[in-house]
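Hi everyone, thanks for coming. Let me put the structure up, and then I'll walk you through how its chains meet.

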Amino acid sequence: MNFIEIIDVLGTIAFAISGALAAFSKKLDPFGIIIIAFVTAIGGGTLRDILIGVDPVSWMRNMNTIYIILACVIITFIFKTKLLKLRKTLFLFDAIGIGLYTVVGLEMGIVAGLNPFICIILGCMTACFGGVIRDILINEIPVIFRKNIYATACIAGGMIYFLLLEFNLSNNIVFIVSAITVIATRVLAVIFKLKLPSPYSDEIIKE
Amino acid sequence: MNFIEIIDVLGTIAFAISGALAAFSKKLDPFGIIIIAFVTAIGGGTLRDILIGVDPVSWMRNMNTIYIILACVIITFIFKTKLLKLRKTLFLFDAIGIGLYTVVGLEMGIVAGLNPFICIILGCMTACFGGVIRDILINEIPVIFRKNIYATACIAGGMIYFLLLEFNLSNNIVFIVSAITVIATRVLAVIFKLKLPSPYSDEIIKE
Amino acid sequence: MNFIEIIDVLGTIAFAISGALAAFSKKLDPFGIIIIAFVTAIGGGTLRDILIGVDPVSWMRNMNTIYIILACVIITFIFKTKLLKLRKTLFLFDAIGIGLYTVVGLEMGIVAGLNPFICIILGCMTACFGGVIRDILINEIPVIFRKNIYATACIAGGMIYFLLLEFNLSNNIVFIVSAITVIATRVLAVIFKLKLPSPYSDEIIKE
């Protein structure tokens, strides 16, 4: 198991927990919870695999993904009562998820021989798509379309990734620093309520 | 035409009728009705083909699917006035559809050499996805997320399928019994209002 | 660059502008605007490529698509204040987009050796899917499900296409006439409020 596979597993865990938490908060039945956790965890990777043409998609060839997701649902259920501040916990696992999946998507784009710019888009899609489906299914406004910085954090991580590659650092360091860039950007954006500059500055925006 | 292809055609008919009925109930125009019938009937199979990498997807290589769906729309239109209890009829055709498509998805997963557990997920997705798109397009809560047992019925059928394979029965018997398991589970769940046990037993659940 | 590629680029421009306009009208932030423009422009082609099995999908192998979309967003932003009648402009660019993409989808279906009827469906999907995603993401009722003729215009263009092929005309003329058929049908349908005949003629329809 190489380092990028470890990152992929950790991302799966983060997204499975964020999906399970979201489903718990909506009081779905056990099967609904498993579906949401599953879709959140595999959504981004499935879109990535379909776009670059990996047949069959990754999770179909790897039972571990299934076991990990089921384990995460059970663990989330056990610690449910302690996860009082559900929205904050959910947000944190989501942030970790997009950081890790951005790197996985970038790396798979490079392996597929795609242009760096396309790789960044692919990393961003891999990171964001699972959460978008999760939010659509539980009937929330997709996190990507709320006011704070989200996909932009993935783009920033992607740019750091290609910048660091110029410095001949070891791949693993590039992976870690890029992922941390995404997570930190996202967390700081939420804490300090950072938004992108509005192109409607001369008008009053109703939120 | 082998037995699994016959099951596929019957599933297409069931879903095309369920889609046309749903579109009629929403008073869509003729073209909208055809679209919904088409999407409901081919949705699950298209997702299945994309995930396991069948290029191009099945319905593109087979004009019969198109003819069958158009015929179903016309037949549904003719008998529309007699289908007074639209919601019940719709429910029944949907139940038959998921039963038949579960078996088709399972079988195609086995042919693709996938793990039995993955095959069950694939069967479940093949069965449920058309109905989910139908419900999203006509702006209903997707049937899979309502309170009664739905995807669980497909999982049950999938487990029966692999259980029966152990007994060296003929394939056709395995197909039929598995499909009937799904349909019966779904129908009984609705009649007796069966739900999965709730993980929120200490709280009052508002529906 | 052959003629069908030129049509593809013009369609990308039309849809990128329609997406950017839609995003402006919803006051999304800069990144949201780019995402909507991007998704609207590449949505149809991506679905087409996934269904017929082009791996990786077209826009991943062609940086020009990305540059064109970004340029369209900037141009749309600059002329934003002059685009007062936003809804009408949006509608016009959308109409041009579906006309051009219908032809691209048809042609790629023919190249893939598909049945003419399937080619027409593929052309229609290529044309309509980007707009459907755009509308779902900005929370509008998908244009395809509103009362006026929309997908029907693409079907009409597709039938003209195969009709003209019978007359041994040059391909480019067939492309142009088919695209104009779609655009004119759509524009006239909106101006004269044309609808398909209702199958519910004996009842009062509430809109």
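Let's start where chain A meets chain C: 18 residues of chain A are in contact with 15 residues of chain C. Contact here means that the C-beta atoms of two residues, placed from the backbone, lie within 7 Å. This is a predicted model, where local features need pLDDT of at least 70, side-chain atom pairs count only at pLDDT 80 or more, and totals for chains, interfaces and linings use all residues. Residues are numbered from 1 along each chain as its sequence is written, while chains are lettered from A and ligands numbered from 1 in the order in which they are written.

H2(A) gives the largest share, three residues.

Now, the symmetry. Chain A superposes on chain B by a rotation of 120° with 0.0 Å of shift along its axis, at an RMSD of 0.0 Å. That is the relation of a three-fold axis. Within chain A, Ile50(A) comes closest to the rotation axis, its C-alpha lying at 4.1 Å.

Why do the copies meet through different surfaces? Because only 7% of the interface residues of chain A are also interface residues in chain B.

One last stop: just after H1(B), Lys27(B) has a positive phi of about 55°.

Note on methods: Helix = DSSP H or I, 4+ residues; strand = E, 2+ residues; numbered from the N terminus. Least-squares fit on C-alpha atoms with pLDDT ≥ 70 in both.
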